[in-house]
Amino acid sequence: MNLLSRVCKCSNRPILTGYFRKLSSTSPFPQTSPFNSINPLTQSELKTLVLDQYTKKGKFSNLIQNVIALPTVLLSACQNLTKHGSRDDSRPSLFDSVSEQFSVHEMGRDIFENQFDVEACCVTMVAPGKKGDTLVLPNLKLKVLIEAIRMVFEVIYDERFVTFAYGGRVGMGRHTAIRYLKSSVENPNWWFTVKFNPQKFDSLHVNRLCVIIEEKIDDHLLVPLLKRLFACKVVVVELGGCFIGRGLPQENSLCSILINIYFTNFDKEIHSLRLQMNRDNPKISSNEVVETSSNVFYKPVKIYALRYLDEILIAASGPKISIMDLLRKVMGYLEGILELKVERLKTAIHSAVSEKIDFLGMELQAVPPSVLNPPMSEKAIRARKKYLRQKEVKLLELRNARERNRKKLGLKIMSHVFKKLNRGAEFKYDAHIENRVGEIFQTWADEAVQEFMGSLEERCNWHRMLTSGSFLSLPHIRDQLPQELVDAYDDFQEQVDKHLSPLPAMRDLKEKERREEEEYEQKYAERIVSDLTKRRIKVDAPIELVRKLVRLAGFTNNMGRPRPIQFLFSLDDADIVKWYAGIGRRWLEFFCCCHNFKMIKTTVTYHLRFSCILTLAEKHESTKHEAMKHYTKDLKVSDMDDTEVVYFPTEREVKMMGDENLSDPKPVDGALTLLLTTFAIEMDSLPPCAAHFCRRTDVVPYRIHLLQNQLNINSSNEDKWVWGLGAIHETVNHKCLSLCPVHKDDLLLGRITLQDVDLTSHVDVVD
């Protein structure tokens, strides 16, 4: 029996039952009662189930009825919605948690029969005091359906996307894209980024998206369902904004993969242009270049492309006219075929060498390799030599101490043996240690000889003492001595010259110095040639924007010094530290791949840390030194069980961070612009925790405050707001949520976002 038999028992209709019975003969999954617990599918099982729907016509058919409507698939979607954040072992099983909200069997039956009411699952939120500014959010049931559709799309399209399409894919995040830029893009001369005017998908774009989907999927229920989701505005794809991939509530999990699907044909067009450029400019081997001229460095004309959702970067190594032609083709395809509005003033060609370009929230520039891996400065070389000399002095002191201790031990042993022999007593041992003592003395002797032979100065002194001033070397003396004595003296001098002569050692030392000098000159020449002929991508964090953002959020004053944030006084001390820690970790994880990561470390370890200390000090009406003495510099706070916990990144932890991470971290936008405050509320019973499928009742009400509302700034005003910083939708401001301690900590620490919380379960409280 197959997975569809699980949905079969949810319906009494004979047509539905017969349909499931007809499909159930080839599936390996056991039959399960709709009232018994079921388990979610693994990734491989889901992939097998989706691929089974592939027909001979080259399309996937009946995905809604055969895959998405299955209770196990819906339960897998529920599992994806609850996989973020901390683990809570006290929670019930996933099936029990979901069953308290709704029945996946009844939901699957409604989806199968095309009776699922999308409009009834939409909640419209209105911003207080602003007419016409609304946000449509899906409830938890509709979120499960959207996640199930995304999972199916991921199985179908993920392997069909081009290699330079990043975002919304497993293992293809921001850091992976940055690593591709730093490792694969060489010698770019010109580049440009495509900037879109802020625009939402209208009916024209939705119809075009559905046409692209119908090229691979033949399902009479899936495409109308997508159109209904767009018509209800519960799925909104907005290009050119600062919302996609940031964990903000106005975006859902389906948007990223829909953007990738919409740009699929554009990616293929760019890929074909790259292949055409490679055919027109074939690669020449280094041997062919050397045969032509030893002073020629061949730079092939290549096109590099990278797309992260709606951000597009195209670079080229070659004349400017080639990339101008490429820009015309790209603009023509985006505006003509995809009918998107491109901001032409910002979509301009820039020099990759002399100008920086903004991409993925970072600054890119083509620089010589020595900028990324600079040689040691003279000051660093002097410091290294000083360190090596100090190391040699310490080794010499240890060697002298070891020799001194050995001498003392040897004298004690010889004195003891001498006394025993004088008394005529026999040596008695409890164990046979003669061999062990012999091995120890042999080891000492070998080490002494090795140290002596390794010292050129000692060998010179002994060679001079044994070879100079000997009367046996005089001819008139040698004639008067026996031949055996003369031969013995000559053999002795030969052995002295062989083992103690400093000339071979001096020759080896000079040869070593010569080789080191040649290697240094060769590396210097290679570095100069590499700087003149190669260009690599340097990725920097926009430090000016970060400083402006730190000042806007209130971490520093106008002089750039840390200051307290009075709005956080209503939170517990631990929650204040967690809020700062969540922002700091988001920043560190996001910019850890940047070349100027040290400046981000300074921002976190100095500005954020001391702003937190000053906030705690002013809250308790104490001084900064008293707060540092109580909480320590690592900001230790007591947990619920009175154990000290460190949430804020320690200085040692910050120093160990680097660009080895290949994750897709969320930007700091959602954590920085969100403030939570507790308040007293008179209610008989608060609703359960608002996190997905968390039914804990030990909750505390929290009110959401947005940064732009606290500062009374319009987030669309680029002069007052920080460019590139996404803002949470105005309708969420002053909404009240019930959160359990676990998910409250996860939200403050940045482990989950507002996308992982059911905002439709908010509590309306009148001030």
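**Strands, helices and charges in a predicted model**

Strand β17, which covers residues 674–678, is mostly tucked away, with four of its five residues buried. This picture comes from a predicted model. The partner of β17 is strand β18 (residues 700–706), and five bridges join the two in an antiparallel run. Within this pairing, Leu676 stands opposite Ile704 in β18. The loop between β17 and β18 holds Phe693. Phe693 has a positive phi of about 60 degrees, although this residue is not a glycine. Phe693 counts as buried because its relative accessibility is 0%.

Another residue with a positive phi turns up elsewhere in the chain. Asn62 is not a glycine either, yet its phi is positive at about 55 degrees. Asn62 sits in the loop between β1 (60–61) and α4 (63–68). With 24% relative accessibility, Asn62 counts as partly exposed, whereas Phe693, at 0%, counts as buried.

Next comes a sheet. Five strands make up an open sheet with mixed pairing, and their order is β4-β9-β10-β5-β11. The edges belong to β4 (165–166) and β11 (350–351); each has a single partner strand, so one side of each has no neighbour in the sheet. For β4, two bridges make the link to strand β9 (residues 302–308), and these two strands run parallel. Here Ala165 stands opposite Arg307 in β9. As a rule, side chains in a regular strand alternate between the two faces of the sheet.

Arg307 also takes part in a salt bridge: its side chain meets that of Asp267, at 2.8 Å from N to O. This pair links distant parts of the chain, with Asp267 in helix α13 (residues 264–280) and Arg307 in strand β9, 40 residues apart. Are the two partners buried or exposed? Asp267 is buried, with a relative accessible area of 2%, and Arg307 is buried too, with a relative accessible area of 1%. Both values fall under the 20% cut-off for buried residues.

How many salt bridges does the structure hold? The count is 26. One of them brings together the side chains of Glu339 and Arg208, at 3.4 Å from N to O. Glu339 belongs to the loop between α15 (320–337) and β11, while Arg208 belongs to helix α10 (residues 203–214), so this pair ties together parts that are 131 residues apart in sequence.

Since Asp575 lies in helix α24 (residues 573–591) and Lys744 in helix α30 (residues 741–748), the pair ties together parts that are 169 residues apart in sequence. Asp575 counts as buried at 2% relative accessibility, and Lys744 counts as buried at 10%. Salt bridges can also share partners, and in this way Glu511, Arg514, Arg515 and Glu518 are joined into one network.

Helix α12 (residues 254–262) is mostly covered, and nine of its nine residues are buried. Among these buried residues are Leu254, Cys255, Ile257, Asn260 and Tyr262.

Leu409, Ile413, Val437 and Phe441 make a nonpolar surface patch of about 270 Å². Two helices, α17 (378–423) and α18 (434–454), each supply at least two residues of this nonpolar patch. Val437 is found in helix α18 and is partly exposed, with a relative accessible area of 30%. In general, an α-helix has 3.6 residues a turn, so residues three or four places apart point the same way.

A patch of negative charge also lies on the surface, where Glu484, Asp487, Asp491, Glu494 and Asp497 gather. One of its members, Glu484, lies in helix α21 (residues 483–500). Glu484 counts as exposed because its relative accessibility is 62%, and the cut-off for exposed residues is over 50%.

Definitions and conventions:
Residues numbered from 1 in each chain as written. Predicted model: local features only at pLDDT ≥ 70, side-chain atom pairs only at ≥ 80, totals over all residues. Heavy atoms only, no water. Patch = residues over 30% accessible without salt bridge, like charges linked within 9 Å, V, L, I, M, F, W, Y side chains within 5 Å. Areas by Shrake-Rupley, 256 points an atom, 1.4 Å probe, with all protein chains shown as cover. Salt bridge = Lys/Arg side-chain N within 4 Å of Asp/Glu carboxyl O. Lys, Arg positive; Asp, Glu negative; His and termini not counted. Charge placed at Lys NZ, Arg CZ, Asp CG, Glu CD. Buried < 20%, exposed > 50% of the residue type's maximum accessible area, 1.4 Å probe, protein only. Pairing = 2+ DSSP bridges.
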